[in-house]
Amino acid sequence: MSRRKPGKILFQGVDAGMKLFHIAALVLIALFWLSGIGSVKPKNVGLLTRFGKLIPYSEEVPQRGPGFVLAFPYPIDQLVEIPAEEEQRLLVSDVWASWEQAGADTNAIDPVTEGYCLTGDNNIVQANVVVKYKITNPSVFHFDISDAETMIRSVFLAALSETAATWSGDQAVRTQRVVEVPNPAGGEPILVQESLSQLAAERTQQKLDRIECGITITGVEFTGMHYPRHIKADIENLQSTDITNQARLSQAQKEANALVSAAMREVDNRLTDAKNFHLAVTTEAKNEQAQFLALYREFCDRPEQTWQRMYAETMEQIWSNVGKLRVAPPNSRIILSDEEEVQQ
C-alpha cells in the first residue's frame with residue numbers, strides 16, 4: 001500500500017478549511033446585510049435614519065407604517081419605533097403628599113420632600129395627577145426632544161401652578177367651579193362650569209405648542225387633591241358637618257315635599273268641592289230661571305187667571321204650614337211674639 005505524502009495531506013486540510021471559512025464568511029456577510037431588515041409593530045410608526053439623518057418614506061410622509069422595512073444594517077441605518085397612536089400616561093407627583101405618607105405633624109412643609117400648589121386665596125393644596133398625551137409629530141419628537149417625560153412634567157407643573165393661582169382652595173379641591181361670563185347677546189351674565197383638569201390641559205398644550213415638540217395633551221386626570229396634613233382634622237370635621245347638613249337638608253326636603261303634597265291634595269279637594277258647588281248652584285239657578293220664564297209667559301198670556309192661581313197656591317202653602325189656627329175677634333189688637341220669648 002502506498003503512503004500519502006504529509007505535505008499533500010496538509011494542503012488538502014488547509015484547502016478544506018479555507019472553503020469552510022469562505023462559506024462561513026459568506027453566511028456572516030449575508031446575515032450582516034439581512035440584519036438591517038426590520039419591522040414596525042401595529043399602532044407604532046417607524047423612523048428610518050442613515051448615519052443619523054432621517055430618510056423619509058416619501059415627500060409627504062416622513063415615517064414608515066406598520067410592517068417590514070428594508071434597510072442597511074446598523075450602524076449605517078437605524079429603525080426607531082415610536083408609539084404614535086397609543087395614548088401615553090405620565091404620573092406627576094411632584095406637588096403631592098398623602099396624609100399617611102407625609103412627614104411629622106409639624107407646622108412647616110419642606111418643599112424638597114413634600115410638594116404643594118398655592119391657590120388664589122393664599123391656601124395650599126396638594127395634587128396627584130396623571131397626564132395623558134399622544135405623539136402627533138414623531139420626527140420632531142425623536143430628533144428635537146431628548147427627555148420627553150421630564151419636559152412634559154416641567155411644563156405641566158408650570159401650567160398647573162398658573163391655573164391654581166386663579167382658583168380658591170375650595171374650588172381647587174373640588175376641581176370644579178362656576179363662573180360668570182359676559183353674555184354675547186347682552187343682558188345678564190351666563191353661568192359656566194369650569195374644570196381644573198380641562199384648564200390645566202389647555203394651558204399645558206399652549207406651552208407645548210410654543211416649543212413645537214410634536215406632543216398633544218389628550219387629558220388630565222386628578223387622582224388625588226386635598227389640603228395639606230396640618231388641617232386634616234379641620235377638613236374631616238368640615239366633611240362630617242357637610243354630611244350632617246346634607247342629611248338634615250335631605251330630611252327637610254322630604255318633609256317639605258310631604259307638606260306640599262298634602263297641601264296640593266287639599267287644594268285639589270277644595271277645588272273639586274268648589275266645582276261641585278258651582279255646578280249645583282248653576283243647575284238650580286237654571287231650573288229657577290226656566291220656571292220663572294214659563295210663569296212669566298203664562299202671566300203675559302193670562303194675567304188675571306195666573307194671579308189668582310198663584311194666590312191660591314200661596315195661601316194653600318201657608319195654611320199647610322200653620323201649626324195652630326186661632327181666630328181673632330173683630331176690632332181686636334193682635335201681638336205676635338216668638339214662643340221662646342213668651343216662655344222667658
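# Close-up views of a predicted model

The structure holds 10 salt bridges. A salt bridge is a side-chain nitrogen of Lys or Arg within 4 Å of a carboxyl oxygen of Asp or Glu. This is a predicted model: local features need pLDDT of at least 70, and side-chain atom pairs count only at pLDDT 80 or more, while totals for chains, interfaces and linings use all residues. Residues are numbered from 1 along each chain as its sequence is written, and side-chain values use heavy atoms, with hydrogens and water left out.

**View 1. Glutamate 114 and arginine 229 meet in a salt bridge.** The N to O distance is 2.4 Å. The pair links distant parts of the chain, 115 residues apart. Glutamate 114 sits in the loop between β6 and β7, arginine 229 in the loop between β11 and α6. Helices (H or I, at least four residues) and strands (E, at least two) are DSSP runs, numbered from the N terminus. Glutamate 114 is buried at 5% relative accessibility. Arginine 229 is buried too, at 10%. Buried means under 20% relative accessible area, exposed over 50%, and partly exposed in between (1.4 Å probe, protein chains only).

**View 2. Arginine 153 forms a salt bridge with aspartate 94.** Their closest N and O atoms are 3.2 Å apart. Arginine 153 belongs to helix α3, and aspartate 94 to the loop between β6 (88-92) and β7 (117-118). Arginine 153 is partly exposed, at 22% relative accessible area. Aspartate 94 is partly exposed as well, at 39%.

**View 3. Glutamate 298 pairs with arginine 309 in a salt bridge.** The closest N and O atoms lie 3.1 Å apart. Glutamate 298 is in helix α6 and arginine 309 in helix α7 (residues 303-321), so the pair ties together parts 11 residues apart in sequence.

**View 4. The largest cavity holds about 40 Å³ of space.** On a 1 Å grid over the protein atoms alone, a cavity is a set of points where a 1.4 Å probe fits but cannot get out; lining residues have an atom within 4 Å of a point. Grid points are joined across faces, edges and corners, and a volume is the space filled by probe spheres set on the points. Among the lining residues are Cys117, Val125, Leu160 and Met225. β8 (124-135) gives the most to this lining, with three residues.

Conventions. On a 1 Å grid over the protein atoms alone, a cavity is a set of points where a 1.4 Å probe fits but cannot get out, and a pocket is an open set with protein on both sides within 12 Å along at least five of seven lines; lining residues have an atom within 4 Å of a point.
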